[in-house]
Amino acid sequence: MRTPIIAGNWKMNKTPSEAKALVSALVPLVADAKCDVVVCTPAVDFAAVSEVIKGTNIKLGAENMHWKESGAFTGELSAAMLKESGVEYVILGHSERRQYFGETDATVNLRTLAAVKAGLTPIICVGEKKEEREAGYTNALVTYQTLIALSGLTAEQVAKVVIAYEPVWAIGTGLTATDEQANETIGVIREAVRSVYGDAADEVRIQYGGSMNPKNCKGLMAQPEIDGGLIGGASLKAEDFSKVVHFDA
Ligand code: PEP
């Protein structure tokens with residue numbers, strides 16, 4: 001009932017010419033996808049990628065955005081800038097933004113509200129660090145992160161957002177949560193959503209992210225709570241990303 005969504009997060013990789021080559025290779029490989037396919041790219045790649053994906057089933061995403069509509073925020077991008085560049089999705093609160101750029105739950109919430117207001121679909125990242133899992137805080141932490149991020153949205157709006165459960169210890173490390181760990185924590189996130197937004201919890205799509213790749217995607221995606229993947233490293237090669245998109249092949 002929930003359409004799976006596989007999104008690539010290219011991070012700070014691919015110049016415009018490299019982006020064009022990657023997405024050109026990807027278009028025919030994923031044309032038959034049964035799930036939603038998104039590539040979240042650096043902003044300098046939007047024009048090159050938009051041109052190639054026009055009329056295809058691939059959607060464009062950004063990796064971050066500011067919450068203000070415009071103004072003196074050197075280096076930042078607004079929702080309107082993303083929209084006009086053909087962007088439909090935007091990753092918010094990625095752990096790298098939280099770790100290296102001072103992103104907080106409060107600013108993730110401001111960005112989420114601005115994205116939804118502008119008609120963008122946020123991909124809101126939540127997840128625990130290794131020491132937090134070991135201390136037994138995972139469920140409380142992801143509940144808190146999720147509810148702060150969504151605060152101020154209506155149930156109808158919440159139903160349309162995407163949440164990515166990304167255990168920080170699994171990102172770019174080659175370590176993956178087990179299928180059961182990922183399913184269990186995503187179930188906790190869904191129940192957190194249900195506690196405030198009721199049945200919207202059955203519609204909101206919750207991805208797993210953290211070293212998801214062609215080898216482990218089938219098992220993860222077979223879990224009932226997991227509605228997709230946010231893919232870092234494996235999204236940088238068209239063949240690998242296509243295999244994740246075809247997770248049930
Ligand atoms: C990510 O950055 O969102 C991610 C999941 O990265 P990786 O797949 O490389 O772990």
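This is a predicted model: local features need pLDDT of at least 70, side-chain atom pairs count only at pLDDT 80 or more; totals for chains, interfaces and linings use all residues.
Residues are numbered from 1 along each chain as its sequence is written, and side-chain values use heavy atoms, with hydrogens and water left out.

**Asp 227 and its partners**

- Asp 227 also makes a side-chain polar contact of 2.8 Å with Arg 190.
- You will find Asp 227 in the loop between α10 (217–221) and β8; helices (H or I, at least four residues) and strands (E, at least two) are DSSP runs, numbered from the N terminus.
- With a relative accessible area of 5%, Asp 227 is buried; buried means under 20% relative accessible area, exposed over 50%, and partly exposed in between (1.4 Å probe, protein chains only).

**Around the ligand**

- The ligand has 14 residues around it, and Lys 11, His 94, Glu 166, Gly 172 and Ser 211 come nearest; a residue is near a molecule or strand if one of its heavy atoms lies within 4 Å of it.
- A polar side-chain atom of Lys 11 sits 2.6 Å from an oxygen atom of the ligand.
- For Glu 166, a polar side-chain atom is 2.7 Å from an oxygen atom of the ligand.
- Gly 233 takes part through its backbone, with an N or O atom 2.9 Å from an oxygen atom of the ligand.
- On its own the ligand has 300 Å² of accessible area, and the protein covers 95% of that; accessible areas come from the Shrake-Rupley method with a 1.4 Å probe, and for residues only the protein chains shown count as cover.
- The shell residues divide into four nonpolar, eight polar and two charged. In this scheme Ala, Val, Leu, Ile, Met, Phe, Trp, Tyr, Cys and Pro count as nonpolar, Asp, Glu, Lys and Arg as charged, and the others, Gly among them, as polar.

- Strand β1 is largely enclosed by the rest of the structure, because five of its five residues are buried.
- Both faces of β1 are covered, with Ile 5, Ala 7 and Asn 9 buried on one side and Ile 6 and Gly 8 buried on the other.
- β1 pairs with strand β2 (residues 36–40) in the parallel sense over five bridges; two strands pair if DSSP finds at least two bridges between them.
- In that pairing, Ile 5 stands opposite Asp 36 in β2.
- Together, β1, α1 and β2 form a right-handed β-α-β unit; a crossover is right-handed if, with the strands pointing away from the viewer, the path from the first strand over the helix to the second runs clockwise.
- β1 also pairs with β8 in the parallel sense, over four bridges, and Ala 7 faces Leu 230 in β8.

- Strand β7 (residues 205–209) is mostly covered, with five of its five residues buried.
- Arg 205, Gln 207 and Gly 209 are buried on one side of β7, and Ile 206 and Tyr 208 are buried on the other.
- Strand β6 (residues 162–165) runs parallel to β7 in a pairing of four bridges, where Tyr 165 stands opposite Tyr 208.
- β6, helix α9 (residues 179–197) and β7 make a right-handed β-α-β unit.
- β7 pairs with strand β8 (residues 228–231) in the parallel sense over two bridges, and Tyr 208 is opposite Gly 229 there.

**Loop residues to look up**

- Most residues other than glycine have a negative phi.
- Lys 14 is not a glycine, yet has a positive phi of about 85°.
- Lys 14 lies in the loop between β1 (5–9) and α1 (16–30) and is partly exposed at 26% relative accessibility.
- Ser 211 is another residue other than glycine with a positive phi, near 55°.
- Ser 211 belongs to the loop between β7 and α10 and is buried, with a relative accessible area of 18%.
- Leu 153, in the loop between α7 (138–150) and α8 (155–158), counts as buried at 8% relative accessibility.

Definitions and conventions: A polar contact is a pair of N or O atoms within 3.5 Å; within protein, one must be able to donate a hydrogen and the other to accept it, and residues adjacent in sequence count only if both atoms are side-chain atoms.
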